[in-house]
Amino acid sequence: MPARRFLSALLALCCLQLSPAQAADALAQDMKARLQRSDPALDIVIEAPDRLRLHKAGEDLGVVELGNLREICAKQPGAVCEQQKQRRVALQTQVEDLTSERIPLSELRLVVRPADFQASVQRQLETLAQGKSAAERAKLMESGPVLRPLGAHFSKGWVRDSELGMALLSPAQVRSSGLTEGELDRIGAANLEREEIDPLTAQDGYPGVFATQGNDYLPSVLVDEALWQRVAGRHGRSDAAVCLPARHELLVYLPELDPKRRVDFEAMCTTMAQGAAPTFSSRVIRRSGGRWQLD
């Protein structure tokens with residue numbers, strides 16, 4: 001979608017009328033059927049509207065969480081929803097490859113997530129660990145992502161990005177890499193140079209407001225100055241405010257271009273986050289003197 005249509009499209013999304021309970025039930029049944037068709041040997045139980053537990057040959061393969069997928073399908077039904085469903089099924093068949101401890105350094109990327117992301121994953125792991133042996137619990141908890149605080153509202157980590165998809169690095173993968181966290185940061189940031197992200201485009205009718213879309217690495221502008229300068233272009237040295245309604249959507253406000261303060265940027269970000277699929281953050285992050293104010 002061209003950036004000039006980005007704002008109006010997201011504002012329109014916020015007004016969709018949803019039926020979460022009905023959508024969740026239908027989605028769980030649909031995904032169970034799709035996974036079953038992909039591998040008839042699977043034994044699949046719907047533990048909750050947004051959680052499927054998978055078994056095969058008597059072995060517990062874990063769960064498939066549907067929360068984000070449900071939000072995407074509620075806000076973007078049709079082709080986008082269908083594409084995401086197919087992707088989830090394909091990734092499930094390749095999960096062992098994605099979680100392999102051996103990771104080519106060319107596949108490392110530095111990423112940013114909301115601060116509550118790790119807590120959400122931790123809760124899911126603790127639920128899965130109930131009733132398991134101490135050894136099984138320890139192994140399960142080790143499978144969670146490694147994330148470090150980034151100010152008060154975000155965290156940073158590293159992903160393996162391959163043809164199979166993206167997966168946050170686990171403690172075992174970080175250890176097996178033989179790299180320090182600083183080295184992971186440096187390599188992960190350098191690899192972001194390969195990502196094609198369009199520069200900012202002014203939004204007609206909203207003075208000082210710019211937007212772009214890209215991929216899941218747009219939030220990395222908060223940890224990689226080179227990426228920010230590439231995206232912001234001639235505005236890279238200006239004081240600014242930004243928000244990330246979704247991981248692939250960046251909205252930027254330059255107060256110097258709106259002297260009459262016609263734009264309520266915080267309200268705009270809140271509205272757009274409500275319409276994003278799935279929502280990343282409504283938080284407004286300010287930049288002053290060439291530094292992000294993350295606390």
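Reply: Start with a term. Buried means under 20% relative accessible area, exposed means over 50%, and partly exposed lies in between, with a 1.4 Å probe and protein chains only. This is a predicted model, where local features need pLDDT of at least 70, side-chain atom pairs count only at pLDDT 80 or more, and totals for chains, interfaces and linings use all residues. Residues are numbered from 1 along each chain as its sequence is written, and side-chain values use heavy atoms, with hydrogens and water left out.

Now the bonds. A disulfide is a pair of cysteine sulfur atoms within 2.5 Å. Searching the whole structure gives 2 of them. Number the bonded cysteines in sequence order, and the pairing reads 1-2, 3-4.

Take C73 and C81. Their sulfur atoms sit 2.1 Å apart. The torsion about this S-S bond is about 85°, so the disulfide of C73 and C81 is right-handed. C73 is buried, at 14% relative accessible area. C81 is buried too, at 9%.

Next come C243 and C269. Their sulfur atoms are 2.1 Å apart. Here the S-S bond shows -85°, and the link is left-handed. C243 belongs to strand β10 (residues 240–243) and C269 to helix α11 (residues 265–275), so the pair ties together parts that are 26 residues apart in sequence. Helices (H or I, at least four residues) and strands (E, at least two) are DSSP runs, numbered from the N terminus. C243 has a relative accessible area of 0%, so C243 is buried. C269 also counts as buried, because its relative accessibility is 0%.
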